[in-house]
Amino acid sequence: MFIETEEFAQQLEAMGELEQQTAYAAVGKWFADHADKITHHTHLAPVHTATTMRLGQGEPVITDGPFVEGKEVVSGFAEVEVADLDEALKIARSWPACPIVEIRPAS
């Protein structure tokens with residue numbers, strides 16, 4: 001999962017058009033470089049578009065916004081098919097965008 005920080009979002013927003021195009025091109029290259037391992041990926045809509053449903057006793061409670069308010073948000077994810085965690089870490093090290101990458105095995 002690609003985790004975007006407020007600082008990273010501000011830096012991206014402050015970039016000129018050419019810098020942004022270069023940054024997006026680096027992401028596109030990363031996906032192309034690892035296409036043989038990526039089985040699925042997507043970019044998520046901004047966090048303010050989230051809807052959260054809390055299940056428990058009684059009727060579910062539905063609220064606008066993310067599960068938690070935070071300075072870091074999941075902005076997208078990619079599924080990769082790799083032999084082990086070491087291979088996943090190798091791929092993640094080269095991620096050119098958001099400053100945090102969370103790796104989880106699929107069940």
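Tutor: Gladly! Let us begin with a term: a residue is buried when its relative accessible area is under 20%, exposed when it is over 50%, and partly exposed in between (1.4 Å probe, protein chains only). Helices (H or I, at least four residues) and strands (E, at least two) are DSSP runs, numbered from the N terminus. The model is predicted, so local features need pLDDT of at least 70 and side-chain atom pairs count only at pLDDT 80 or more, while totals for chains, interfaces and linings use all residues. Residues are numbered from 1 along each chain as its sequence is written, and side-chain values use heavy atoms, leaving out hydrogens and water.

Our part is helix H2, residues 17–33.

The buried residues of H2 are Val-27, Trp-30 and Phe-31. Seen down the helix axis, they fall within an arc of 100°, so they line one face of H2; the arc is that of the directions from the axis to the C-beta atoms. An α-helix has 3.6 residues a turn, so residues three or four places apart point the same way. On the face turned away from the buried side sit the exposed residues Glu-17, Leu-18, Thr-22, Lys-29 and Ala-32.

What does the buried side meet? Its residues pack against strands S1 (2–5), S2 (38–43) and S5 (72–80), and against helix H3 (85–93), where contact means heavy atoms within 4.5 Å.

Now for the rings. Rings of Phe, Tyr and Trp (its six-membered ring) pair if their centres lie within 6.5 Å; planes under 30 degrees apart count as stacked, over 60 as edge-to-face and the rest as tilted. By this rule there are six aromatic pairs. In one of them, Phe-2 and Trp-30 have ring centres 5.9 Å apart and planes at 90°, so the pair is edge-to-face. This pair joins strand S1 to helix H2, across 28 residues. Trp-30 is buried, with a relative accessible area of 5%. Phe-31 and Trp-95 also form an edge-to-face pair, because their centres are 5.8 Å apart and their planes at 85°.

Finally, the largest nonpolar core has eleven residues, including Val-27, Trp-30 and Phe-31. Such a core is a set of buried Ala, Val, Leu, Ile, Met, Phe, Trp, Tyr and Cys residues joined through side-chain atoms within 4.5 Å. H2 gives the most to this core, with three residues.
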